[in-house]
Amino acid sequence: MRVLGLISGTSHDGIDSAVVDWSLDGGVLNGTLVELGERPYPRELRARIAAALPPGRIDLGEVCALDTLIGQAFAEVAAGAPAADLICSHGQTLFHWVEDGRVRGTLQLGQPAWIAERTGVPVVSDVRARDVAAGGQGAPLVSYLDLLLMAGLPGRTGALNLGGIANLTVRDPALAYDTGPACALIDAAAPPYDRDGKLGAAGTVDETLLRELLAEPYYRMDPPKSTGKELFTPGYVRADLPQADLVATLTALTAETVAAEVRRHRLDTVIVSGGGARNPTLMSMLRGRASQAVFVTSDELGVPADGKEAIAFSLFGWLTAHGLPATVPSCTGATGARVLGTITPGSDPLTLPEPLAEAPVAIRFSGSPAPRR
């Protein structure tokens, strides 16, 4: 079954896509990567999304407009992708409602009807809500893919995603959570981002400011936990520092908060993905603060680091179509594993495969498609 996964993450810079052809062989799920894509949002739309994110305030008219415009942008990407049997769209997170460590709700915009109407293909969407309704954090959902990827690897292994927010999945025992900011604050200090970590490398870490930032109560909370730009807003850091020094300090903040969790779980190997994996300054700081661990990119396991989340949503679509849960309760905190999402039919009557009785126990990838932009 060929599934197109679509997502725009907390960096809200554009839409990542992955077309994966899935086949099950015994307990191993084989994924052939057909195409990976990356499409920036139109400048005006990205500005409207940024204005809507916390601490911004917008009315319901703008919510309606963004739901339509984001849905149309996702539909445009889907229409240009190779043919698929199913589409799984994450949309764009506008708000992740957390009170006293509990997630009360989560809002992703990007009306799936636009995607289904444009492509004629059924669409799985609103993927996080069911886990939240079951008492979970709704994140990090990628932990399901992480645990399959790590199956059979030696030693104490973890998987780290460095997007706008950093999340870590630990295999033994299975748990996952957001550690704090990854690139969100760095990007806010050096928009649109610190290319190749050059500003961070040129600056000097302000140790006084770093200690103040590390006092954030979120870091001391026990997992499961999740966070986002509702806490780590662009205005989170206001410091009278040269830009390079501020970026260096924020890079050190990400490195230290992640490294503390790597040390806590005594990890031997950490598989890294996300845009932050391409920031050599961040990775150097991280290696220096967690020197007992070996850091490798997910590329070495056949999963391009920049495309892992889109690949994960392709996987979630396949699981939903086959009636299989895509959550790990010990990772999200939900009362049980859940089949995720709602389905918008395409142009033909909705026909799903026969439900599977057992979930895959491992995953293997092949194919190395050139990214589409």
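**View 1. Helices α5 and α11 are roughly perpendicular to each other (65 to 115 degrees)**. The axes of α5 (143–150) and α11 (residues 308–321) come within 9 Å and cross at roughly 95 degrees. Axes are lines fitted to C-alpha atoms, for helices over the stretch in contact, and angles run from 0 to 180 degrees between N-to-C directions. Helices (H or I, at least four residues) and strands (E, at least two) are DSSP runs, numbered from the N terminus. Tyr144, Leu145, Asp146 and Leu148 of α5 touch Lys308, Ile311, Ala312, Leu315, Phe316 and Leu319 of α11, where contact means heavy atoms within 4.5 Å. By class, this contact has 8 nonpolar, no polar and 2 charged residues. Nonpolar covers Ala, Val, Leu, Ile, Met, Phe, Trp, Tyr, Cys and Pro, charged covers Asp, Glu, Lys and Arg, and polar covers the others, Gly among them.

The model is predicted: local features need pLDDT of at least 70, side-chain atom pairs count only at pLDDT 80 or more, and totals for chains, interfaces and linings use all residues. Residues are numbered from 1 along each chain as its sequence is written, and side-chain values use heavy atoms, with hydrogens and water left out.

**View 2. Helices α1 and α2 pack at an angle of about 135 degrees**. Helix α1 spans residues 43–52, helix α2 spans residues 60–80, and their axes are 11 Å apart. That angle makes α1 oblique to α2, oblique being what is left after roughly parallel (under 35 degrees), roughly antiparallel (over 145) and roughly perpendicular. On the α1 side the contact is made by Leu45, Arg48, Ile49 and Ala52, and on the α2 side by Glu62, Ala65, Leu66, Leu69, Ile70 and Ala73. These residues divide into 8 nonpolar, no polar and 2 charged.

View 3. Most peptide bonds are trans.

**View 4. Asp100 and Asp196 have positive phi**. Most residues other than glycine have a negative phi. Asp100, with phi near 50 degrees, is in the loop between β4 (86–99) and β5 (102–109). At 82% relative accessibility, Asp100 counts as exposed (over 50%; buried is under 20%, partly exposed in between; 1.4 Å probe, protein chains only). Asp196, with phi of about 60 degrees, lies in the loop between α6 and α7. At 43% relative accessibility, Asp196 counts as partly exposed.
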